[in-house]
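Open the model in your viewer and keep the selection panel at hand. The tour below goes from stop to stop, saying what to select and what is found there.

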Amino acid sequence: MEMEMENVNENANAVKRLPPWTAHITCRGVVASTVIGVVYSVIVTKLNLTTGLVPNLNVSAALLAFVFIKTWTKLIHKAGFVTTPFTRQENTIIQTCAVACYSIAVGGGFGSYLLGLNKRTYEEAGVDVDGNSPGSYKEPGVGWMTGFLFVTSFVGLLALVPLRKIMIIDYKLTYPSGTATAVLINGFHTPKGDKMAKKQVVGFTKFFSMSFMWACFQWFYSGSGTCGFTFFPTFGLKAFKNSFYFDFSMTYIGAGMICSHLVNLSLLAGAVLSYGIMWPLIGDRKGSWFPPNLPQSSMKSLNGYKVFISIALIIGDGLYNFLKIALFTARTIYLKSRKNPRTNPDDVNQPQDDSELNEVFLRESIPFWVAATGYLIFSIVSIIVIPLMFPELKWYYVLVAYIIAPSLGFCNAYGAGLTDMNMAYNYGKVALFVLSAMSGKNNGVVAGLVGCGLIKSIVSISSDLMHDFKTGHLTLTSPRSMLVSQAIGTAIGCVVAPLTFFLFYKAFDIGNPNGEYKAPYAIVYRNMAILGVEGFSALPNHCLQLCYLFFGFAMVANLLRDVCPEKMGKWIPLPMAMAVPFLVGGYFAIDMCVGSLIVFVWRKVNKQKANLMVPAVASGLICGDGLWILPSSVLALAGIKPPIYHYRRD
């Protein structure tokens, strides 16, 4: 009882001491957000172009924000200057702005729907395929990509702003990622949390340095083809030929430490099933199931089975979860509407100082007319600009998209608040199939890919904003400052993300199925659009039957995991995770499982220390390896080859 009273008094005093919302946004905060956003944009772009699997980095961004400002203030103090105190509100704003920035690189389509428009993916999908109409491609360009992001990204910021009170206060949605980030930030800004933060900062710095130096060391032994530690035949040449080897990537090990054991084991299961069993068996059917003279990259050859079976897994998993979340959301809303708010049992579990949090959350209101006017203006701009950029997507399709987007965004944001699952890509896939089919043979592929990005962007960003509102609610941060910081981060991301993508696009061989940067989802999304136009005639022999099998497997696996007891259900693999190595291979799944093994052993040895240090260590490994991409890209653009590679060749 005494602890509860202390928390009430602490929050009450904090509310009285709060500065105006404009003071939450500082120049040093914007600088910190930009630096963190750029670093993470590079990291997630690499992940998008290699595996397409990006872990949630919100907690990591909050930790980096704390490290950055603490280092900043320490240096300023040593120089003899006085700085303003670093508050939890400023920490929240930096995290929000940084996440908004790199989220554009995650969901901007640079590894999926936008990259699926380029000529290389068009040719890889098959120029002789009827649905893949001649000239239905658009080469990446910084100008049009930046413009596309600016006209599509800001609409989602305003779609659900009027509903923030309903989602956060009335429905009391948890938004697990937003809550976890708030708990971390609140923990940092307490006397006890300062000691915890120092340990995490030291751990982050140590492993960041180790990861960066290791990436630098690896570069000296890397060359074109299969050279260096990245292609070391760890388990023998036969396993190496089937993509089973440990590639010493600190990024994937760190990502494996953040992802759950189930995700990592599902990746490994998918790798064993595909590259260990299925692809060798289907490859032996060359001449029977598909012509022997076709290149392996052809959609009528082995690559077609890889792509379309992974599509079946993705669609099956997405459809099941879409229906599950929709029914769960509808049921929850119905039950809440029938309950008397005064006797709502959820209220029993709410902290007694919720009134203080709600006071701050409601005090800085965002007028409805601001959100409605902004949404209308951005929608009109998009309706005019997008058909000019992509004549294949008619203006009335864009109009309909913006009319239905708020309702789709609400469904997705509500589901994410309950389950922490952002289903934006599934909404985008539905739009892709519908628009591809409606637009016809000549325009279907481009219209489907662009329309997918349009819907996905609105639905995803509106859900992300609700996560941030939840974090702000728990850290006593003004919603106005949260919305402004999200807008600043989005604007920075619309500039940074295309530039980051082009750094990779010019420096590395993007889209090479045998290289490091396979960009697996680009070909997947393009073939989804072709399926929407052409139907099942695009599939190679016997592929349809295999697709039915894996579609059914995805539905049944998800159903069993939900209905079986937890002890059994936790061992059933995730079909969406299994689909990734079907295209990419098994090497990164091994890295991810190594990360999972480290966490498992660490928790067995010292669970408390592991829970404290795992986010910091994983962030250090990811950021150190990711930051080396910048100098390695510059070296590649300058034509400088690894010296030891040349020495070996000579």
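## Stop 1: the largest cavity

Select helix H4 (88-107), helix H6 (142-153), helix H18 (424-474) and helix H19 (479-507): each of them supplies at least two residues to the lining of the largest cavity. Keep in mind throughout that this is a predicted model. The volume of the largest cavity is about 170 Å³. To find the centre, show Ser103, Ile104, Lys456, Ser457 and Ile461, which are the closest to it of the 19 lining residues.

Which helix gives the largest share of the lining of the largest cavity? Colour H18, which contributes six residues. Now colour the lining by class: seven residues are nonpolar, nine are polar and three are charged. In the structure as a whole there are five cavities of 30 Å³ or more. Rolling a probe the size of a water molecule over the atoms shows where empty space is left.

## Stop 2: salt bridges

Side chains of opposite charge can pair when their charged atoms come close. The count for this model is four salt bridges, and the tour visits some of them.

Start with glutamate 90 and arginine 28, whose side chains form a salt bridge with an N to O distance of 2.7 Å. Glutamate 90 belongs to helix H4 and arginine 28 to helix H2 (residues 27-50); the two are 62 residues apart, and the pair links distant parts of the chain. Are these two residues buried or exposed? Glutamate 90 has a relative accessibility of 4% and counts as buried. Arginine 28 is buried as well, with a relative accessible area of 8%.

Stay on helix H2 and select lysine 46 together with aspartate 625. Their closest N and O atoms are 3.3 Å apart, and the two residues form a salt bridge. Aspartate 625 is in helix H25 (residues 607-627) and lysine 46 in helix H2, so this pair ties together parts that are 579 residues apart in sequence. Both lysine 46 and aspartate 625 are buried.

Next, select lysine 324 and aspartate 562, whose side chains meet in a salt bridge at 3.2 Å, N to O. Because lysine 324 lies in helix H14 (residues 302-338) and aspartate 562 in helix H21 (residues 543-563), the pair ties together parts 238 residues apart in sequence. Here the side chains are not hidden to the extent that the word buried requires: lysine 324 counts as partly exposed at 32% relative accessibility, and aspartate 562 is partly exposed with a relative accessible area of 37%.

## Stop 3

Most residues other than glycine have a negative phi, and most peptide bonds are trans.

Go to the loop between H18 and H19, where leucine 476 is found. Phi of leucine 476 is near 60°, a positive value in a residue other than glycine. Leucine 476 counts as buried, at 1% relative accessibility.

Then move to the loop between H19 and helix H20 (520-534) and pick alanine 519. Alanine 519 is not a glycine, yet its phi is positive, at about 50°. With 4% relative accessibility, alanine 519 counts as buried.

## Stop 4: a nonpolar surface patch

Switch to a surface view and select Trp395, Tyr396, Leu399, Val400, Ile403 and Ile404. Together these residues form a nonpolar patch on the surface with about 580 Å² of accessible area. How accessible is isoleucine 404? Its relative accessible area is 38%, so isoleucine 404 is partly exposed.

## Stop 5: two distances to check

Select leucine 265 in helix H13 (residues 261-283). Leucine 265 is partly exposed, with a relative accessible area of 44%. Draw a C-alpha to C-alpha distance from leucine 265 to leucine 115: the two are 29 Å apart in space and 150 residues apart in sequence.

Finish at phenylalanine 231, in the loop between helix H10 (191-219) and helix H11 (237-241). At 18% relative accessibility, phenylalanine 231 counts as buried, since the cut-off for that is under 20%.

Terms used:
Residues numbered from 1 in each chain as written. Predicted model: local features only at pLDDT ≥ 70, side-chain atom pairs only at ≥ 80, totals over all residues. Heavy atoms only, no water. Patch = residues over 30% accessible without salt bridge, like charges linked within 9 Å, V, L, I, M, F, W, Y side chains within 5 Å. Areas by Shrake-Rupley, 256 points an atom, 1.4 Å probe, with all protein chains shown as cover. Buried < 20%, exposed > 50% of the residue type's maximum accessible area, 1.4 Å probe, protein only. 1 Å grid on protein atoms, 1.4 Å probe; cavity = no way out; pocket = protein on both sides within 12 Å on 5 of 7 lines; lining within 4 Å. Points joined across faces, edges and corners; volume = space filled by probe spheres on them. Helix = DSSP H or I, 4+ residues; strand = E, 2+ residues; numbered from the N terminus. Nonpolar A, V, L, I, M, F, W, Y, C, P; charged D, E, K, R; others polar.
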